[in-house]
Number of protein chains: 2
Amino acid sequence: MIPIVDEATLRASVTPERAVAAIREAFRADGEGRTRVPPVINLDIPAERGEFHIKTAHIEGMPYIAVKIASGFSDNPARGLPSGSGLMAVFDAATGLPAALLLDNGFLTDIRTGAAGAVAADELARSRIDTVGVIGSGLQARHQIQCLRVVREFHVIVVWSPTRARLDAYADEMRRGGYDVRTVNNVAELCAAADLLITATPSRDPLVRAEWLHEGMHINAVGSDSPGKQELAAECLRRADLVVVDRVAQCAAFGELRHAIDAALLTAAGELGAIVAGRKPGRTSDRQITIADLTGVGFQDTAIANAALRWISV
Amino acid sequence: MIPIVDEATLRASVTPERAVAAIREAFRADGEGRTRVPPVINLDIPAERGEFHIKTAHIEGMPYIAVKIASGFSDNPARGLPSGSGLMAVFDAATGLPAALLLDNGFLTDIRTGAAGAVAADELARSRIDTVGVIGSGLQARHQIQCLRVVREFHVIVVWSPTRARLDAYADEMRRGGYDVRTVNNVAELCAAADLLITATPSRDPLVRAEWLHEGMHINAVGSDSPGKQELAAECLRRADLVVVDRVAQCAAFGELRHAIDAALLTAAGELGAIVAGRKPGRTSDRQITIADLTGVGFQDTAIANAALRWISV
């Protein structure tokens with residue numbers, strides 16, 4: 001038998017600090033050419049309004065390989081079940097033998113996604129930011145903030161969400177976390193106030209227009225993780241001075257870049273790994289507009305599983 | 001927590017009879033258009049001479065979806081470890097929630113592969129066969145025979161294997177199983193004697209030449225499961241009256257068909273599912289030469305996992 005680690009144990013051990021360190025190391029490895037990332041498996045179950053995504057990767061120098069299986073079933077909440085779930089099967093990278101099962105119910109995916117946002121912000125946002133704008137009020141609206149505070153100090157959160165009740169609950173929760181929180185009624189107002197904007201919705205229609213971007217702004221777009229989703233108008237990508245993606249192949253297939261009206265944008269987009277590894281520049285002036293299009297890459301799953309097994313005695 | 005089922009429990013429950021029934025049902029569902037099969041993930045770890053394969057599928061009408069992760073690491077035996085391993089993570093097809101972990105160490109893959117051979121033989125081999133030829137002396141040389149006896153009665157096994165010690169051990173084992181076993185020194189002699197030929201080696205060079213095929217023969221080629229492997233000379237596929245594959249998309253990528261010199265062969269090849277579902281004919285005369293090119297499809301993994309969970313109380 002192999003060790004089975006439950007969600008509570010993982011939540012207690014994989015802190016935002018540890019997650020950000022692990023995900024930074026994964027992007028560095030990627031930028032140094034030390035990752036192997038096969039294409040993602042997407043399995044749709046239309047009759048049940050459900051989908052599975054399977055991601056994996058090898059990172060040279062890390063002892064384990066994770067295979068992450070995430071599911072999303074839209075009708076689950078009506079049955080009293082969570083819409084998203086998942087687990088990670090972990091294997092010894094030197095022998096291929098099963099090493100552990102992480103029954104995280106999606107927690108590790110949530111925190112590694114938050115951590116990628118923090119790593120992107122650390123490379124691309126201005127070093128001093130006061131106000132963080134958040135579009136959305138779900139799990140990622142929380143994880144992005146929890147991880148971002150590892151790399152940036154900020155005091156004001158401005159938030160907009162299409163769901164009023166969830167918006168208020170989120171605002172209350174963030175206030176209890178010590179932030180000065182303001183809810184707004186439209187995205188234009190939110191963009192005007194935000195030094196750093198996080199878009200974390202499952203929107204299928206663009207929410208952010210190019211004319212709302214302003215000098216010095218950085219955007220982490222983390223909601224568009226499958227074909228059909230889009231949060232930024234395609235013109236935003238053209239207006240930005242620097243567009244960075246977690247993985248060109250994925251972003252071209254199902255990230256914001258998929259909607260880019262200009263194919264040249266795709267060519268110009270750099271990968272975050274190259275910036276973390278110091279092979280390409282990140283932000284070079286406080287006036288630039290920068291965008292990170294983050295879809296979630298298998299090496300993040302392998303890195304977070306390695307971190308979990310480093311901090312848990314199994 | 002979810003139920004964890006160990007290899008011994010699975011071996012005791014998933015018999016060849018049950019496996020053949022489950023795999024036949026899977027091919028029928030495929031032939032009736034009731035499967036969804038995303039592309040396989042292949043992850044190579046060249047530095048460790050290792051590889052991972054990940055397969056999954058949905059079968060309408062079956063309650064579970066399996067995600068099967070199989071590994072093969074060539075240097076393991078020198079370390080006293082098995083070269084192949086793996087597990088299946090099983091999910092509820094209606095909610096996406098984790099349902100069970102099958103810690104089979106590759107057993108379920110082995111037996112579902114044997115069962116696919118039996119289903120192919122049942123549709124394509126003559127109803128009366130006396131002599132089964134086996135190329136290879138590994139796990140599949142065993143599983144193919146154990147499953148084949150579910151659908152055909154036969155008494156003689158002729159076997160050739162490049163590894164003499166393993167060949168003798170295999171012959172002894174089959175004799176203890178009640179078969180009249182003859183070992184031969186070359187493949188030509190073996191082909192001449194075989195009514196049904198099983199090729200089950202990891203060969204990267206063709207072992208079977210077209211001129212050795214004879215009237216009425218059926219071949220199950222099960223060894224070529226990844227790019228670079230080949231057991232049949234490409235001319236064999238041209239000489240056969242009927243070439244059937246488990247899945248055209250896979251066989252074109254890494255089965256015997258990949259080596260077919262004539263692209264028309266690929267177009268002409270039928271899928272086993274269509275035959276099991278009665279939508280295409282299988283063997284129509286005792287004189288035909290038939291070949292089944294079997295690479296292993298995700299719906300077999302989902303079907304065998306469903307069978308396991310049907311027969312085990314979890």
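Me: How many bridges join strand S4 of chain A to strand S6 of chain A?
Reply: This is a predicted model, so let's take it as that. Strand S4 covers residues 50-56 of chain A and strand S6 covers residues 64-73 of chain A. The two run antiparallel, and A:Lys55 has A:Lys68 in S6(A) as a bridge partner. The number of bridges joining S4(A) to S6(A) is seven.

Me: Which strands stand at the edges of the open sheet of six strands in chain A?
Reply: The order in this sheet is S1-S8-S7-S6-S4-S3 (chain A), and the pairing is mixed. A strand at the edge has a single partner strand, so one of its sides is left without a neighbour in the sheet. The edge strands are S1 (4-6) and S3 (41-45) of chain A.

Me: Which helix packs on that sheet, touching S4, S6, S7 and S8 of chain A?
Reply: Neighbouring strands of the sheet are turned by 15° against each other on average, direction ignored. The helix touches S4, S6, strand S7 (84-92) and strand S8 (98-103) of chain A. Its direction makes about 115° with that of S6(A). The helix is H11(A).

Me: Are helices H3 and H11 of chain A roughly parallel or roughly perpendicular to each other?
Reply: Helix H3 (residues 107-124) and helix H11 (residues 298-311) of chain A have axes that come within 10 Å. Those axes cross at roughly 110°, and H3(A) passes H11(A) in a right-handed crossing. Angles of 65 to 115 degrees count as roughly perpendicular. H3(A) and H11(A) are therefore roughly perpendicular.

Me: How many residues of the contact of H3(A) with H11(A) are charged?
Reply: From H3(A), the contact is made by A:Leu108, A:Thr109, A:Ile111, A:Arg112, A:Thr113 and A:Ala116. Four of the contact residues are nonpolar and three are polar, while the number of charged ones is two.

Me: How many nonpolar residues are in the contact of H2(A) with H4(A)?
Reply: Helix H2 (residues 16-31) and helix H4 (residues 139-151) of chain A pack at about 75°, with their axes 9 Å apart, and are therefore roughly perpendicular. H2(A) brings A:Pro16, A:Glu17, A:Val20 and A:Arg24 to the contact, and H4(A) brings A:Gln146, A:Cys147, A:Val150 and A:Val151. One of the residues is polar and two are charged, and the number of nonpolar ones is five.

Terms used
Residues numbered from 1 in each chain as written. Chains lettered and ligands numbered in written order. Predicted model: local features only at pLDDT ≥ 70, side-chain atom pairs only at ≥ 80, totals over all residues. Heavy atoms only, no water. Axes fitted to C-alpha atoms, helices over the stretch in contact; angles between N-to-C directions. Helix = DSSP H or I, 4+ residues; strand = E, 2+ residues; numbered from the N terminus. Parallel < 35°, antiparallel > 145°, perpendicular 65-115°, else oblique. Left-handed = near helix turned anticlockwise from the far one by under 90°. Contact = heavy atoms within 4.5 Å. Nonpolar A, V, L, I, M, F, W, Y, C, P; charged D, E, K, R; others polar. Pairing = 2+ DSSP bridges.
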